[in-house]
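Please keep the sequence and the 3D view at hand while reading.

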Amino acid sequence: MAENKKTTKKVAQPKVEPKKEVESKAPKAAPAPKAAPAAKKAPTPKVAPAPKAAPAPKTEVKKEEVKLEVKKEEVKVENPAPKKNEPMKVLFVAGEANPFIKTGGLADVAGALPKALVDKGIDARVMIPLYLGIPQEFKNNMQYIGNCFVQLSWRSQYCGVFKYVYQGVTYYFIDNEFYFKRHGIYGHYDDGERFAFFSKAILESLKIIDFTPDIIHANDWHTALVPVFLDCFYRGEEHCKNAKTVYTIHNIEFQGQYGDGLIEDILGFNYDQSLLVRYAGCVNYMKGGIESASRVTTVSPSYANEILDPYYGYGMQDILNARKFKLSGIINGIDEEKNNPATDKSLFKNYDINTIENKKFNKIGLQQLLGLPVNEDVPMIGMVGRLTHQKGIDLVTAVMDRILDLDVQVVILGTGDWKYENILKDMQNRYPGKLRAIINFSSDMASKIYAASDMFLMPSKFEPCGLSQMIAMRYASVPIVRLTGGLKDTVMAYNHETGEGEGFTFLTYNASDMLYAIERAVGLYRDYKEDWNKVVHNGMKKDFSWKTIANQYIDLYKSI
Ligand code: ADP
């Protein structure tokens, strides 16, 4: 537990961070093996697939002509004509994608990066499962493409493929009601089987969607098996024999660890193949992705470096150190159309960098909505994110009394660990005029908080990239962050001397250091308005667009 050492200061001290040792942490133990469930009958497709074209009638040919034909064919295979003017084809596969289904930052990336690639002339398409939770308005307009069957060891499972074009990007949806017609997208007893199915269905469905990707870009543990299955079972297939693979780690804490009973019963691997996924006495999907992918990336350069260390590596550091030659970090961008205070429909009043005075109406509106005392001058600190140990919520709850002593209002939106949800609800009852904890997932409320707050607190224990701090800056809410991973790469501490920087930072995972950063921010807000406005402007002007970042992915794809 972090200690409370520093006292409250009213004057801003935006200075350099002290360097301290980061606490060490043992790698996580693997969870107990899960039993494989029995397969169920596959759902029937809604529309019958199109009949196959009839084969061309055979004609009689002379012997010499046949010889010529064969020669031609050989030349074609060995020296394929260069595909001039054909765009590079990228298949982006993920467990979630905006605007269809979202639990976190992965959905934001899957919804924005492919679009940025398409805008740059890449033929990028996305594939996700057809979850029950995808809004019906999308489902109503999906086009049925066809179906196939996916072999998972002794199982043969139905796989329907639907298509939907959204903002110029083609999305494919893998349909299997046994696996995906459920409430909630992760956290089921058979997730190991569900996402093994999805990963194999991706490769199998390529046979029916008429898309031969040059690059298959897999993400997190949900699709980590795609490069593994590709190498083990699909390299001989015409539609993916030349595909290169990129595997991106968005969060190394979740690796897809299961008992090794899955190897034969679900994955259908022989002994040699199983070595790709065996790790620390169990099956580890992420390890398989790292081993098999042509390139491994993570979502910020700092995090790419951090995960080589046991504190951040969650047991994966040795594998990553051995595969360091193919590891790199590319920071995420944010969808600047979606996250735009000038057009966001959830706001009480829209604003941009030239009409920033209108931001205060959002604070007043939120105070009224949440029953907080209405006062446009009181500093409001916002938090939006998962209520888990990763996000540093334990630091916040440890010094909440001291934070609220600064005469600020704190508004927190999130869901996550039951423990933190309850602590926050309890604290809210103790501080009805100062603290609101909204235990919910609501994009509308998230926008309202980004727009209403003056400061955005994100004291993460680790943060692969983090999108919330970037969204906050765009909405003129000054980030207060711990210098780790993507937070370190996107938020520069405000420097009083030079006028550079757009936030407040602290280094050690320690509640007192976080409190001190909050005190400095509140001090600047209250006593140095001109400097405060400068910090706000610096943040709003920062370029977090996918337009720029997509180029780095294109360079990476081309380099393979
Ligand atoms: P994560 O580790 O969860 O991926 P990020 O900061 O990368 O964290 O992305 C979180 C995204 O999810 C942001 O767009 C944030 O606004 C959104 N988000 C997180 N929690 C909630 C919530 N309870 N309601 C609405 N949006 C949320």
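How many residues of the shell around the ligand are nonpolar, how many polar and how many charged? In this predicted model, the shell divides by class into eight nonpolar, nine polar and four charged residues. The residues around the ligand number 21, and those that come nearest are Gly105, Arg386, Lys391, Asn440 and Tyr450. Three helices, namely H2 (105–119), H17 (443–452) and H18 (468–474), each contribute at least two residues to this shell, and the largest share, three residues, is that of H17.

The side chain of Lys102 places an N or O atom 3.1 Å from an oxygen atom of the ligand, while Ser468 has a polar side-chain atom 3.2 Å from a ligand oxygen atom. Of the 560 Å² of accessible area that the ligand has on its own, the protein covers 91%.

We now turn to Phe229, which belongs to helix H6, spanning residues 225–234. Phe229 counts as buried because its relative accessibility is 0%, and buried means under 20%. Once neighbours within four places in sequence are set aside, Phe229 is in contact with Ala196, Ser199, Lys200, Leu203, Tyr234, Leu267 and Phe269. Phe269 stands 40 residues from Phe229 along the chain, yet the C-alpha atoms of the two are separated by 9.3 Å.

Notes. Residues numbered from 1 in each chain as written. Predicted model: local features only at pLDDT ≥ 70, side-chain atom pairs only at ≥ 80, totals over all residues. Heavy atoms only, no water. Near = heavy atom within 4 Å. Polar contact = N/O pair within 3.5 Å; in protein donor to acceptor, adjacent residues only side chain to side chain. Areas by Shrake-Rupley, 256 points an atom, 1.4 Å probe, with all protein chains shown as cover. Helix = DSSP H or I, 4+ residues; strand = E, 2+ residues; numbered from the N terminus. Nonpolar A, V, L, I, M, F, W, Y, C, P; charged D, E, K, R; others polar. Buried < 20%, exposed > 50% of the residue type's maximum accessible area, 1.4 Å probe, protein only. Contact = heavy atoms within 4.5 Å.
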